[in-house]
Amino acid sequence: MEACSSSAAESSPKQRKHKANTVCERTKRLKFEPEGDEALQSGRPSDSPRILLHPDRLQQPITLSELTELLHFAALGNRGGIKQPSWCRLRSQRKVTGLNIVIVDGLTQTHFYKSYLTMEHLRTNYSSRLTFTPSCDNVASEIFSREVSKMACLPVSKPNKKLQRALKCHPVITMFGTQRRGLTAYVLTQEQMIKNHYPIKGMPGFEDFVCTDSVDCVTDCSPLYGLDCEMCLTQKGYELTRISVVDSDGNCVLDDLVKPPNRVLNYLTKFSGITAAMLRPIKTTLQDVQAKLRMLLPGDAVLVGHSLNNDLGALKLIHQHVIDTSLLYRREFGQKFKLKVLAETVLKRQIQTEEKNGHNPIEDAVAALELAQYFIKTGPHQVVELHMEELWGYKIEEEPPDCTSAPKPSYRFADILQTLGRSVAFLGKRADIALDLSRQQWCSSDREVLASFRTRTKYPFLSVLQFSSFSDHLKTCFPHQEQMYQTVCAHLRDMCVVFAGPFPDGFSKKEVRQLFRCCGPVKKIQMLNRNVRVHAEVEFELLEGAMLALKTLNGLGVLGQNIKVQRPVHDSMLDLDLNLDALMDDTLNTNYLYAVKLSHQMADAKFNGHILDAKCSSATDDKTADVLAPAKINGKVLQLPSTACKLSEETVVETFGRFGVVESIVLPAKPKKHTGHARIKFESSEGKQRALSSSGDLLKDNYLICPSLTPPHLPSWVAMTTAVTAADAGGESPVEQRTNHVNNHCQDQKIGHVMKKLDWRLRKVFKSLPDGTLSVVLLLGQTSTNDHHPGLCLLDIKQAS
């Protein structure tokens, strides 16, 4: 421990500031958690293998491609020519003794947190938990068959002269050369944009087009955004009816239906997926979408799409920095590959399939984005060499010295491991798995999968187990999944909600927001104006906001009237205290503290038990003040702490470093005007406890604190799915409500029983693994008719007991 509270009190502000700067410089210098002794977990040997993730990365979903990056490095490492994964670090890779992946079909993140108390093994034995978004239906097959990017340990064949001659005149090599370069090398020049009919500012025909606020030039670090549009045929030609935009991680940031101004002649449903019923209630216009894009895209954004000139034309938008995947993967004589062909050949993914009614623009935007990222990362030479025959139709063979055909080496992950003498195996239901039959074992149930795995005398280096009973159980017993998801989401939302009041007459929603956002970012406020008194329902973005509001604002007096702050009273809240205690003890929250910075000095002020003689802004004043009028506490005049200040790493470390070594600080990824909260990780739990015991002193420094509750991989507890609306719950008779309540209770009991059994089986698998095994549990998630419910990826390396 670097410092304790007693010694910190004696240190000067100048010393603390120097310490803060040192820690912040270290944080900026390291992309992932610090190396050395301060990154070690308690009781874990310094040379044992472990996975390190930067706290900011925990807030982003993990894809199957990123997971296979980790698996390839864990198995083969630097000696195999494999680089560290781009999203995490694996320390002491050579001591990894095996890989075990358990795939659970049909289980979502929502199910996990609904049965959070039941899933004791999953929430206590895994140090990393991330949202999982699979990119294909057959995850097990993809793990085995995904090609390893480069294998230095394999024999290198002699240069193929015929291939070299073919590459020299290849259209991709002719255009981009052979060297791998940054993204700026593939951004279209103005001449290329004109040649390919892109909208250009100042060119004839584009006078009514809207320009984005683009900078003059971009860098190799500029963000990529995938874009795809769908059009319908109207009286004026093809017009925009849907737009989808994804960020560089493939997350959808915009997906809107658009009402064309002219009468639609043909919806082109077979291709666009748009129907008359879909557009009938839509009021969003082309101008609305243009405004959203201008707000969404940063100045150095690079748009990526397939034949993007058509999309920008439909959008009537001019953006000067674009990458067109139809021009990256060039064909002879100006011909272009279809996006579907490129996705299937390069990404090994099926899109625009016949069973789907129309294209999915989000899927197409992600495909174009990943094609560009793959091209940039791999380089033109290797792209052409890897896909020469599949895409461009060149079949070049060269006879080996002994005049016999030499077999083409396989770079599939499972084949590489078996070449190196490491065994692989799959246990699960019959599926399309890319393995020799001797390596597969079909099992009729999860019970059989577990028994077959545990009775093995020698565990394979790579084992994939697929549990399917939960998915089968859901399909049989619960055909209406969406109702359950909405109910769960409503329960989770209730944990972020407090009721407050009574407030004085005329107390507005804005003034309630000003009062409560001192505890954290407020998501929504609903005023409850009764005949006699005024109350409010306040929904916070994070669990910590509701906890701080109960702790600090309950009993506060406004205009001589005490307000009461309390939780909702529902049957879903009966286990609230148990859930909150479990979340505080969660391995993801052990050393974390949640802090909010207030905007005004709180020297001798205490919320609880004191009355703020606060006066509302004048009703006749059109410009309502940002804060409430001065209040008196203990005889001192004080502005009501109605807002939170923005925080910086330097100020947080300077304030909290006196309690213990601050290992990392997580600030909001997209800070808002009044968002002044941070998640602070101490090197040990003692530092966190010292800070909590000094909450009174921290209040004098304008800080409200509480233990962290919200898991770091969820930026917001209830933002993953849509909450139950009034329309969903309304219109039911009392008899129907009672019936639904009974049905939901029975449903919860059944799901709880299944989840408990599943957690028990996963614990048995984990206990059977040899020490040093990288253990991965994948909850695959589900796609329903209305929404996609994300899965979960849990990671850890089993240590010696």
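Helix H15 (residues 339–346) packs against helix H16 at an angle of about 55 degrees, and their axes are 10 Å apart. Axes here are lines fitted to C-alpha atoms, for helices over the stretch in contact, and angles run from 0 to 180 degrees between N-to-C directions. H15 is therefore oblique to H16; angles under 35 degrees count as roughly parallel, over 145 as roughly antiparallel, 65 to 115 as roughly perpendicular and the rest as oblique. The crossing of H15 and H16 is left-handed, a term used if the near helix is turned anticlockwise from the far one by less than a right angle. On the H15 side the contact (heavy atoms within 4.5 Å) is made by Leu339, Leu342, Ala343 and Val346, and on the H16 side by Asp364, Ala367, Ala368, Leu371 and Tyr374. Eight residues of this contact are nonpolar, none is polar and one is charged. In this scheme Ala, Val, Leu, Ile, Met, Phe, Trp, Tyr, Cys and Pro count as nonpolar, Asp, Glu, Lys and Arg as charged, and the others, Gly among them, as polar.

The model is predicted: local features need pLDDT of at least 70, side-chain atom pairs count only at pLDDT 80 or more, and totals for chains, interfaces and linings use all residues. Residues are numbered from 1 along each chain as its sequence is written, and side-chain values use heavy atoms, with hydrogens and water left out. Helices (H or I, at least four residues) and strands (E, at least two) are DSSP runs, numbered from the N terminus.

H16 (residues 361–378) also packs against H17 (residues 380–392), at an angle of about 110 degrees and with the axes 6 Å apart. These two helices are therefore roughly perpendicular to each other. H16 contributes Tyr374, Phe375 and Thr378 to the contact, and H17 contributes Pro380, Gln382, Val383, Leu386 and His387. By class, five of the residues in the contact of H16 with H17 are nonpolar, three are polar and none is charged.

Side chains of opposite charge can pair when their charged atoms come close. The whole structure has 13 salt bridges, each defined by a side-chain nitrogen of Lys or Arg within 4 Å of a carboxyl oxygen of Asp or Glu. The table gives some of them.

| Asp208 | Lys316 | 3.4 Å |

Asp208 and Lys316 form a salt bridge that links distant parts of the chain, 108 residues apart: Asp208 is in the loop between helix H9 (190–195) and strand E6 (210–211), and Lys316 in the loop between helix H13 (308–315) and strand E12 (317–318). Asp208 is partly exposed at 48% relative accessibility, and Lys316 is partly exposed at 34%. Buried means under 20% relative accessible area, exposed over 50%, and partly exposed in between (1.4 Å probe, protein chains only).

Asp255 is partly exposed at 32%, whereas Arg242 is buried at 17%.

Asp701 is partly exposed at 33%, and Arg658 is buried at 18%.
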